[in-house]
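Here is a short briefing to read alongside the sequence and the 3D view. Take your time and look for each feature as it comes up.

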Amino acid sequence: MNEGKKIEISRRVILKAAVIGSCYSVACSSLPLVAWAGDVPAVEHPMLTPGNYTNKGRCPNCGMNLNMWARTRHEFENSEGEFATCSIRCLADMSVNTDENPAKVQVAVYLQPEKMVDAAQASYLIGSTASGTMTMKSKIAFASKEAAEEFSSTHGGKVVDFNGALTAATKELTMSRPKIEAKRKKKGKIEDPGPEARCPVCGMYPARYPQHRSQLSTADGKRYHFCSSQCLIAFQANPKQYVKDAAKTKSIWVTVFPDGGYEYGMGLYYLVGSSILGPMGKEALPYRSKVAADKAASENGGKVVRFKALNPALVMGE
Ligand SMILES: [Zn+2]
Ligand SMILES: [Zn+2]
């Protein structure tokens with residue numbers, strides 16, 4: 001690009017240049033940025049420049065920063081409370097896992113991420129060249145059908161309503177999980193424990209317990225691997241007991257029971273006090289679905305709680 005030359009360029013061309021290329025989202029940092037002085041801002045997704053579009057923090061289902069993924073965020077209610085997710089993908093995941101339809105769903109307008117509209121009134125564009133959030137096939141929202149069609153004329157994709165987009169997001173859930181895990185590993189969000197890594201609580205080798213192991217990363221870039229959720233929860237309650245320089249927890253990843261695979265720890269349902277034992281005996285078994293966790297509780301005893309409620313005494317049945 002010739003920096004010194006005044007370039008006449010239409011808004012549409014800028015948008016196209018900025019959104020071309022698919023980003024499988026989990027922590028995409030290689031989007032082309034277009035920023036010529038005097039031109040309209042590029043469609044930047046994820047938002048790599050600081051912006052305050054929401055005060056809701058992180059997606060409770062995947063842990064991603066909602067301001068960074070502001071263009072595709074959703075807000076809704078269910079019987080557990082009010083939530084804000086990074087995307088319709090995480091909304092679909094939470095709806096399946098809670099076995100509830102979301103109520104009062106609001107969605108950000110893709111080209112005006114500071115604005116939220118009633119999802120039932122919005123038009124969604126599926127599979128355009130806009131990058132996706134937690135999906136290969138983006139699902140972005142517009143305040144009107146006309147706006148969605150205009151964007152589609154340049155960027156492709158199919159215009160549907162909220163139910164169409166939610167159905168498509170729900171259908172992709174199962175097949176997307178291994179891809180999301182692979183992406184998280186590639187970006188360094190999670191990593192398999194090496195054969196020599198030791199659980200800081202009990203000294204066992206987490207690599208040997210693929211059904212129960214978990215990991216915690218800290219704000220100063222350290223990562224601890226645990227053999228079990230029992231050890232993870234003991235560590236979290238009192239890190240200084242196990243390591244000298246324990247920094248603030250950044251994220252926690254646990255192995256979903258019994259399916260396997262790492263998942264964002266805060267978003268799951270935990271069965272405690274059951275007769276199912278892990279490497280250290282008593283466990284908080286992480287289930288993706290509330291229905292599956294409740295069923296396991298009815299068959300094996302114990303009760304189902306959310307991550308926030310977990311503590312060593314609860315896990316140990318004291
Ligand atoms: Zn999410
Ligand atoms: Zn351990």
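A nonpolar core is a set of buried Ala, Val, Leu, Ile, Met, Phe, Trp, Tyr and Cys residues joined through C-beta atoms within 7 Å. A residue is buried if 20 or more other C-beta atoms, placed from the backbone, lie within 10 Å of its own. The model is predicted: local features need pLDDT of at least 70, side-chain atom pairs count only at pLDDT 80 or more, and totals for chains, interfaces and linings use all residues. Residues are numbered from 1 along each chain as its sequence is written.

**The chain overall**
- There are seven helices and 14 strands in the chain, taken as DSSP runs (helices H or I, at least four residues; strands E, at least two) numbered from the N terminus.
- Of the chain's 318 residues, 43% are buried.

**The core**
- The largest nonpolar core has 71 residues, and Cys-231 and Tyr-270 touch the most other members.
- Helix 4 (residues 162–186) gives this core its largest share, six residues.
- The core lies between domain 1 (11–186) and domain 2 (206–316), because both give residues to it; the domain bounds come from an automatic or database assignment.
- Cys-231 touches Cys-199, Val-201, Cys-202, Phe-226 and Met-280, leaving out residues up to four places away in sequence; contact means C-beta atoms within 7 Å.

**Two packed helices**
- Helix 2 (residues 88–98) packs against helix 4 at an angle of about 70 degrees, with the axes 8 Å apart.
- Among the residues making this contact are Ile-88 and Val-96 of helix 2 and Ala-165 and Leu-173 of helix 4.

Key
Chains are lettered from A and ligands numbered from 1 in the order in which they are written. A residue is buried if 20 or more other C-beta atoms lie within 10 Å of its own, exposed if 12 or fewer, and partly exposed in between; C-beta atoms are placed from the backbone. Two residues are in contact if their C-beta atoms, placed from the backbone, lie within 7 Å. Axes are lines fitted to C-alpha atoms, for helices over the stretch in contact, and angles run from 0 to 180 degrees between N-to-C directions.
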